[in-house]
Amino acid sequence: MDLSYQKTKELLESHGIRPTSQRLEMAHLLLEKHQHLFAEEVFHLVNTHFPHASRATIFNNLKLFAEKGLLGTLELKSGVTHFDSNTDVHHHALDENSGEIVDIELNENLEEKVLSELKESYFQKTGKQLENAKLVITLRGK
């Protein structure tokens, strides 16, 4: 086992996930770079390397990875969940033309100010508290 697979195994174990061979391969493919994939894309990615993995196994593992915090989730359209391999604090920009999702980070002070104002505005308009706010910026251009 090379070092990158060893690190993947350690990540699985640190999140309380038993590292079976399928989970190890799946996690390695998902975590080797920052990406935002929906379940069907994950199925095709994993299936190219692990052809006998069933949809149910892959989808169940995706759910487990998200529940345990190994992957983040991002819902941009109602009912369409993207699995985010970057679990660091960040926000997203969505290019409406290409569908590309890009991770964006804000200066800590700016992020605190923007989120504080968003929470206040949301509370004033709805009477509800906004928890775990994340920004999604939609870009449209030529």
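**Figure 1. Contacts of Val42 in the predicted model.** Leaving aside neighbours within four places in sequence, Val42 touches Met26, Leu30, Leu37, Ile58 and Leu62. The structure shown here and in the following views is a predicted model. Val42 is also one of the residues with the most contacts inside the largest nonpolar core, together with Met26, Leu30 and Phe65.

**Figure 2. The largest nonpolar core.** This core comprises 19 residues. Helices α2 (21–31), α3 (39–49) and α4 each supply at least two residues of the core. Helix α2 gives the most, with five residues.

Figure 3. The buried residues of α2 are Arg23, Leu24, Glu25, Met26, Ala27, His28, Leu29 and Leu30. In the chain as a whole, which has 142 residues, 30% count as buried.

**Figure 4. The largest cavity.** A search of the whole structure finds one cavity of 30 Å³ or more. The space in the largest cavity amounts to about 30 Å³. Its lining consists of Gln22, Met26, Val46, Phe50, Ala53, Thr57, Ile58 and Asn61. By class, five lining residues are nonpolar and three are polar, while no charged residue takes part. Helices α2 and α4 each supply at least two residues of this lining, and the largest share, three residues, comes from α4. Of the lining residues, Met26 and Ile58 are also contacts of Val42.

**Figure 5. Leu64 in helix α4.** Leu64 is found in helix α4, which spans residues 55–67 and has the highest confidence in the chain, at a mean pLDDT of 96. Apart from neighbours within four places in sequence, Leu64 is in contact with Ile17 and Arg23. Arg23 belongs to the buried residues of α2. Leu64 and Glu105 are separated by 41 residues in sequence and by 26 Å in space, C-alpha to C-alpha.

**Figure 6. The largest pocket.** The volume of the largest pocket is about 260 Å³. Fifteen residues line this pocket, and Lys7, Leu11, Leu31, Glu32 and Ser85 lie nearest its centre. Helices α1 (3–14) and α2 each supply at least two residues of the lining; α1 gives the most, with four residues. The lining divides into three nonpolar, nine polar and three charged residues.

**Figure 7. The chain as context for the close-up views.** The chain has five helices and six strands, arranged along the sequence in the pattern α-α-β-α-α-β-β-β-β-α-β. Its C-alpha atoms fill a box of roughly 50 × 35 × 25 Å, taken along the principal axes. Among contacts between residues at least 6 apart in sequence, 44% join residues at least 24 apart. The mean pLDDT of the chain is 90, and 96% of its residues reach 70 or more. Confidence is lowest in strand β6 (residues 136–139), where the mean is 84.

Note on methods:
Residues are numbered from 1 along each chain as its sequence is written. This is a predicted model: local features need pLDDT of at least 70, side-chain atom pairs count only at pLDDT 80 or more; totals for chains, interfaces and linings use all residues. Side-chain values use heavy atoms; hydrogens and water are left out. pLDDT is the predictor's confidence in each residue, from 0 to 100. A nonpolar core is a set of buried Ala, Val, Leu, Ile, Met, Phe, Trp, Tyr and Cys residues joined through side-chain atoms within 4.5 Å. Buried means under 20% relative accessible area, exposed over 50%, partly exposed in between (1.4 Å probe, protein chains only). Contact means heavy atoms within 4.5 Å. On a 1 Å grid over the protein atoms alone, a cavity is a set of points where a 1.4 Å probe fits but cannot get out, and a pocket is an open set with protein on both sides within 12 Å along at least five of seven lines; lining residues have an atom within 4 Å of a point. Grid points are joined across faces, edges and corners, and a volume is the space filled by probe spheres set on the points. Ala, Val, Leu, Ile, Met, Phe, Trp, Tyr, Cys and Pro count as nonpolar, Asp, Glu, Lys and Arg as charged, and the others, Gly among them, as polar.
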